[in-house]
Amino acid sequence: MPLADFPLLRAARREPTDFTPVWLMRQAGRYLPEYRAMRERFGFLELCKNSDAAATVTVQPVDRLGVDAAILFADILLVLEPMGVGVEFAEREGPVIRRPVRSREDVRRLAPVDPLEATPFVFETVKIVRRALDGRVPLIGFAGAPFTVASYLIEGGASREYLETKLLMYREPDAWHALLGMLAGVTAKYLNGQIAAGAQAVQLFDSWVGVLSPDDYREFVLPHSRALIRALTPGAPVIHFGTGTAALLPLMKDAGGDVIGLDWRVNLDEAWARLGEDVAVQGNLDPAALLSTPARFGPRVRAILDRARGRPGHVFNLGHGVLPQTPVDHVIALVDMVHELSKR
Ligand code: CP3
């Protein structure tokens, strides 16, 4: 299929498609037995750095689920590792940063990195995946947005309240802006490296930005996310995603992106109306719905498609990633349902 005709890429440009394209955040992950089998052989970081293995894991869900896109197997924290902060993925604990950045001095001490030199395995994975996909579906590259990556760097891992992050933001605004400016620059290079290697769209994950007020988003985040998105190579659509963002959506659109990712806490039609029809949307089934049964979550899928009313510019996805306890059959049923129910 000519590149321009992939349903995902047409939807990102708000062009009509024969059905609503669907892919799922974390479609490569622990709910898949073939992923767990790979994790028996490789540690998580090891898997990310082994381009052949990472490419295999990227393609597995495309074969298994029939989704309309592949998403690169990698992690938003890979860009931090070469900065010398001690990135580890502890079993069960999730990611840990051994030497978190808490002060102006810590920010100054961060090693500057050129992602093209520091994470060559990521770009190699992109190339291998493109060959393996052989034009079946487009490949989505991704990175963490400056706020969400900074939150891991500052907190040292996951957080509930993001108090350390807010403390740096409120107490040392200059250090905050220096840090986010640096992350925006590094991330733009990192994504442009993925695009140059063959990624046909990119998603920017600002997963935890919903902890901020609109005023704080405007002052402390928007300029950096905007600079990053403006620095991206034109031609690959940008999906701009966050959770808990009901109050931030228009500002996220201002920051940029061809597609705005919605979580399940908003009604898709209302969110789209507030964003305006000059942008595409992605979402937004609650990932927990997939833990019930296809008969139970079917009406929820239909409700989301009804809210989108078949208008050009809807990419179906969950509101966040597939949960590890999700039955594979349910994920397959979801993808089939979206294709069936949205046929035009
Ligand atoms: O299939 C895909 O979506 C592509 C692969 C992907 C991973 N991480 C693999 C992964 C993507 C797109 C990410 C992005 C990512 N990583 C985000 C943004 C998306 C989101 O969920 O909000 C964030 C916040 C991270 C940081 C991260 N990495 C966390 C919080 C965790 C632990 C939580 C968890 O789900 O285990 C990881 C580890 C991780 N990244 C796993 C996978 C498949 C699980 C690790 C394992 O195999 O043990």
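**Figure 1. Burial of Gln194 in helix H10 of the predicted model.** Gln194 has a relative accessibility of 0% and therefore counts as buried (under 20% relative accessible area, with exposed meaning over 50% and partly exposed in between; 1.4 Å probe, protein chains only). The residue belongs to helix H10, which spans residues 173-197; helices (H or I, at least four residues) and strands (E, at least two) are DSSP runs, numbered from the N terminus. Apart from neighbours within four places in sequence, Gln194 is in contact with Leu72, Val122, Phe123, Val126, Gly141, Phe142 and Ala199, where contact means heavy atoms within 4.5 Å. The structure is a predicted model, in which local features need pLDDT of at least 70 and side-chain atom pairs count only at pLDDT 80 or more, whereas totals for chains, interfaces and linings use all residues. Residues are numbered from 1 along each chain as its sequence is written, and side-chain values use heavy atoms, with hydrogens and water left out.

Figure 2. Ser151 lies within residues 146-155, which form helix H8. Its relative accessible area is 1%, so Ser151 is buried. The side chain of Ser151 reaches the backbone oxygen of Thr148 at 2.8 Å; a polar contact is a pair of N or O atoms within 3.5 Å, and within protein one must be able to donate a hydrogen and the other to accept it, while residues adjacent in sequence count only if both atoms are side-chain atoms. When residues up to four places away in sequence are not counted, Ser151 touches Gly156, Gly157, Tyr162, Thr165 and Trp208. Pro100 is 51 residues from Ser151 in sequence, with a C-alpha to C-alpha separation of 9.7 Å in space.

**Figure 3. Helix H14 and its buried side.** Helix H14 (residues 294-308) contains 15 residues and reaches 20 Å from its first C-alpha to its last, close to the 21 Å expected at 1.5 Å a residue; the expected span is 1.5 Å times one less than the number of residues. Its buried residues are Phe297, Gly298, Val301, Ile304, Leu305 and Ala308. They cover an arc of only 130 degrees around the axis, which places them on the same side of H14; the arc is that of the directions from the helix axis to the C-beta atoms. Ala295, Arg296, Pro299 and Arg300 are exposed on the other side of H14. The cover over the buried residues of H14 includes helix H13 (268-275), strand E8 (280-285), strand E9 (314-318) and helix H15 (328-341). Arg309 follows H14 and has a positive phi, near 50 degrees.

**Figure 4. Helix H15 and the segment after it.** The 14 residues of H15 reach 20 Å from first C-alpha to last, close to the 20 Å expected at 1.5 Å a residue. Buried residues of H15 pack against helix H2 (33-41), helix H4 (51-65), E8, H14 and E9. Ser342 is placed in the segment after H15 and counts as buried, at 5% relative accessibility. The side chain of Ser342 reaches the backbone oxygen of Val338 at 2.6 Å. Leaving aside neighbours within four places in sequence, Ser342 is in contact with Asp18, Phe19, Thr20, Leu305 and Met337.

**Figure 5. Ligand site.** The ligand is surrounded by 23 residues, of which the closest are Arg26, Arg30, Tyr35, Ser207 and His320; a residue counts here if one of its heavy atoms lies within 4 Å of the molecule. A polar side-chain atom of Arg26 lies 2.6 Å from an oxygen atom of the ligand. A backbone N or O atom of Ala28 lies 3.0 Å from an oxygen atom of the ligand.
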